[in-house]
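Trainee: I have this one open on my screen now. Could we go through it together, slowly?

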Amino acid sequence: MNPVRIFISSVQKEFADERAALRDYLRGDALMRRFFEVFLFEDVPAADRRTDDLYLDEVRRCDIYVGLFGDDYGSENAGGVSPTEREFDLATAERKYRLIYVRGMDDAARHPKMRALVGRAQAGLIRKRFNTPSELVAGLYAALVEYLEERQLIRSGPFDAAPCTKATLEHLDPERMAWFLRTARATRRFPLAPDASPADLLEHLNLLGDGRVTNAAVLLFGKQPQRFLISSEIKCAHFHGTEVAKPIPSYQVYKGTVFDLVDAAVDFVLSKIALSVGTREAGPQAPVRYEIPKEVVAEAIVNAVAHRDYTSNGSVQVMLFADRLEVWNPGTLPPSLTLEKLRQAHGSVPGNPLLAEPMYLTGYIERMGTGTRDMIRRCTEAGLPEPEFAVSDGFQTIIRRIRGRGAGEPREKPREETREETREETREKTRDKILALIAANPSISTNELAEQIGITPKGIEWQIQQLKRAGQLKRVGPKKGGRWEITEGGDE
């Protein structure tokens, strides 16, 4: 079949980043590349043709007109009409399939003629608001999948955009959606009001298909996502050696939304690696440093959860060994990326755009397309080898640990002496972790400490008593509503 031609209309200077993001995504994603061909004026070689003629000819040739409307109106011809409005008028006259995306919520800031054009585009069109290039990519992705389905070019959409059979709005958690609204507004200036309804939120994020909730909606906001998507859980294991071997000292299977899974898996790793707590010379909070930077651990796990192949029966696996951290997911790289390109500046081609976008809006993904390079930089700054990436039966990230950092190399000792020393070292590590968590959050509760460290609340209380006796910790204020204070140490 001939590719479906897409014409992107906008004021080029105002939307340079957005135009490039759309082009890179449409050309990089396997599904989009199979069906669509995108036209950008920037990609056309210089030719002896009037710019106006070239634009309008491409509008006539296109199958889909995508309009990006912002604040600027653009240069005007003798009749006072900009190229963007002329393209829109021609696409309307030619009865093209039109998709309009308006940046920002403040219409008052727009050029008066652009305000009028936005108003004209309201009737009978698919029209969405967006703030960032990644929001725009996710919105266009969902619209193009719907276009393909309407024309029966595909029988079912990509996994995250497909309806989740048997799931309804009642199976989604309103509190989780309210948390998302608060967080996305504070983190990325998400445009919806904090009291927006669940249906409005899902509609804005393109998480409803024919009135049914999508797989992405269940993974993001489901009360029990694994009830519908069994393999979406995450498995974490800790081995004292360098190979997978039984018995496994610590093994956890986590369930919940993608946010829950990432948080739980990151906490699992951080609770089992060495950390140091600095002094408070530079400020009221003592700096905390993990042997593997927390951002690196989080990025590896977020990538595995966001980009995995959810049609696979496999689950994300996080395995901590004595010499390395391995994160594996059932997925692979898109055709436009290679292992070598991961170490260079590259475009973002998310495997599950409708899943990745909300994770970006809540800060779980900092900047789409730069995560692997950030991991490399942070590992280098921490004195660790660069992360390794591999593709075999899935995608694997390997982060090397430095032996001897933290607990030190073991020495040969009598069995009883070794057992007692190991127990005391474990207690010291637990106390260090308690101090680190308190330094980061002086109001943290004993239950929260127990959950993050992985021991019982009674164990936390015992450790706190030891810290108090050593003069390293004290309680300020009432039991409820008070806070912890780390002291300089010494006998009470």
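Trainee: How much space lies in the largest cavity?

Mentor: About 130 Å³ of space lies in the largest cavity, where a cavity is a set of points on a 1 Å grid over the protein atoms alone at which a 1.4 Å probe fits but cannot get out, and a volume is the space filled by probe spheres set on the points, which are joined across faces, edges and corners. Please keep in mind that this is a predicted model, in which local features need pLDDT of at least 70 and side-chain atom pairs count only at pLDDT 80 or more, while totals for chains, interfaces and linings use all residues. Residues are numbered from 1 along each chain as its sequence is written, and side-chain values use heavy atoms, with hydrogens and water left out.

Trainee: And which residues lie nearest the centre of that cavity?

Mentor: R129, E135, G139, H204 and N206 do, out of 13 lining residues, a lining residue being one with an atom within 4 Å of a point.

Trainee: Which helix gives the most to that lining?

Mentor: That is α6, with four residues; helices here are DSSP runs of H or I with at least four residues, and strands are runs of E with at least two, numbered from the N terminus.

Trainee: What does α6 give to the largest nonpolar core?

Mentor: The largest nonpolar core has 105 residues, and helix α6 (residues 133-150) gives the most to this core, with 11 residues. Such a core is a set of buried Ala, Val, Leu, Ile, Met, Phe, Trp, Tyr and Cys residues joined through side-chain atoms within 4.5 Å, and buried means under 20% relative accessible area, exposed over 50% and partly exposed in between, with a 1.4 Å probe and protein chains only.

Trainee: Changing topic, is K433 buried or exposed?

Mentor: K433, which lies in helix α15 (residues 415-440), is buried yet has no salt bridge, and the nearest side chain of opposite charge, E291, is 8.4 Å away. A salt bridge needs a side-chain nitrogen of Lys or Arg within 4 Å of a carboxyl oxygen of Asp or Glu; Lys and Arg count as positive, Asp and Glu as negative, and His and the chain ends are not counted.

Trainee: What does K433 touch, then?

Mentor: Not counting residues up to four places away in sequence, K433 touches L270, S271, K272, I273, L275 and I453, where contact means heavy atoms within 4.5 Å.

Key. On a 1 Å grid over the protein atoms alone, a cavity is a set of points where a 1.4 Å probe fits but cannot get out, and a pocket is an open set with protein on both sides within 12 Å along at least five of seven lines; lining residues have an atom within 4 Å of a point.
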